[in-house]
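These are my notebook entries on a single structure. I record what I looked up and what I found.

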Amino acid sequence: MELISLKTFVAVVEEGGVQAASKQLHTVQSNITARIKRLEEELCVALFYRKGRKLELTPAGSTLLEYANKLLQIEHQASEAVKQVGEATGNIRIGSMESFAAVRMPGLLQQFR
């Protein structure tokens, strides 16, 4: 199961259909349809009830949506964590007199950063 397929699936659910999802993802409708079909074949379940142009989640689709959202959230967190490697992060508290803070502190903080 590929993350792009899960992103596509979530977009179809959130946007309410293939056409709107294709606009959000900047791709053609056939690409969206193919990814959803591939996902359904891979999982051996139908993810949507198809009622004309409308799509409604099946129970299996609802279950996948919960896990897809969790996986995409973890993917985002991992991406952010990797970007921050080597960067100093966290909080620092500094106390000083008001006059020192107003005059000298900006330059010192900029050097520290």
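Are Phe-9 and Phe-48 buried or exposed? I find that Phe-9 is buried, and so is Phe-48, where buried means under 20% relative accessible area, exposed over 50%, and partly exposed in between (1.4 Å probe, protein chains only).

Basis of the entries. I work on a predicted model, in which local features need pLDDT of at least 70 and side-chain atom pairs count only at pLDDT 80 or more, while totals for chains, interfaces and linings use all residues. Residues are numbered from 1 along each chain as its sequence is written, and side-chain values use heavy atoms, with hydrogens and water left out.

Entry: aromatic pair. I searched for ring pairs (Phe, Tyr and the six-membered ring of Trp, centres within 6.5 Å; planes under 30 degrees apart are stacked, over 60 edge-to-face, the rest tilted), and the structure holds 1. Phe-9 and Phe-48 form this tilted pair, with 5.6 Å from centre to centre and 55 degrees between the planes. The pair links distant parts of the chain, as Phe-9 lies in helix α1 and Phe-48 in strand β1, 39 residues apart. Helices (H or I, at least four residues) and strands (E, at least two) are DSSP runs, numbered from the N terminus.

Entry: helix α4. I checked the length of α4 (residues 59-83): its 25 residues should span 36 Å at 1.5 Å a residue, and the end C-alpha atoms are 37 Å apart, which agrees. The expected span is 1.5 Å times one less than the number of residues. Gly-61, Leu-64, Leu-65, Ala-68 and Leu-72 are buried in α4. The buried residues of α4 pack against α1 (3-15), α3 (29-43) and β2 (54-57), contact meaning heavy atoms within 4.5 Å.

I then followed Leu-72, which is buried at a relative accessible area of 15%. Leaving aside neighbours within four places in sequence, Leu-72 is in contact with Leu-3, Leu-6, Lys-7 and Val-10.

Entry: salt bridges. I counted 5 salt bridges in the whole structure, each a side-chain nitrogen of Lys or Arg within 4 Å of a carboxyl oxygen of Asp or Glu. One of them joins Glu-75 and Lys-7, whose closest N and O atoms are 4.0 Å apart. This pair links helix α4 to helix α1 across 68 residues of chain. Glu-75 is partly exposed at 28% relative accessibility, and Lys-7 is partly exposed at 36%.

Arg-50 and Glu-40 also meet in a salt bridge (3.1 Å, N to O). Arg-50 is in strand β1 and Glu-40 in helix α3, 10 residues apart. Arg-50 is partly exposed at 47%, whereas Glu-40 is buried at 12%. Not counting residues up to four places away in sequence, Glu-40 touches Val-45, Ala-46, Leu-47, Phe-48 and Arg-50.

Being 3 residues apart in the helix, Glu-80 and Lys-83 are separated by about one helical turn.

Entry: backbone angles. I found a positive phi near 55 degrees at His-26, in the loop between α2 (18-25) and α3. Cys-44 has a phi near 60 degrees and sits in the loop between α3 and β1 (48-51). His-26 is exposed at 74%, and Cys-44 is exposed at 68%.
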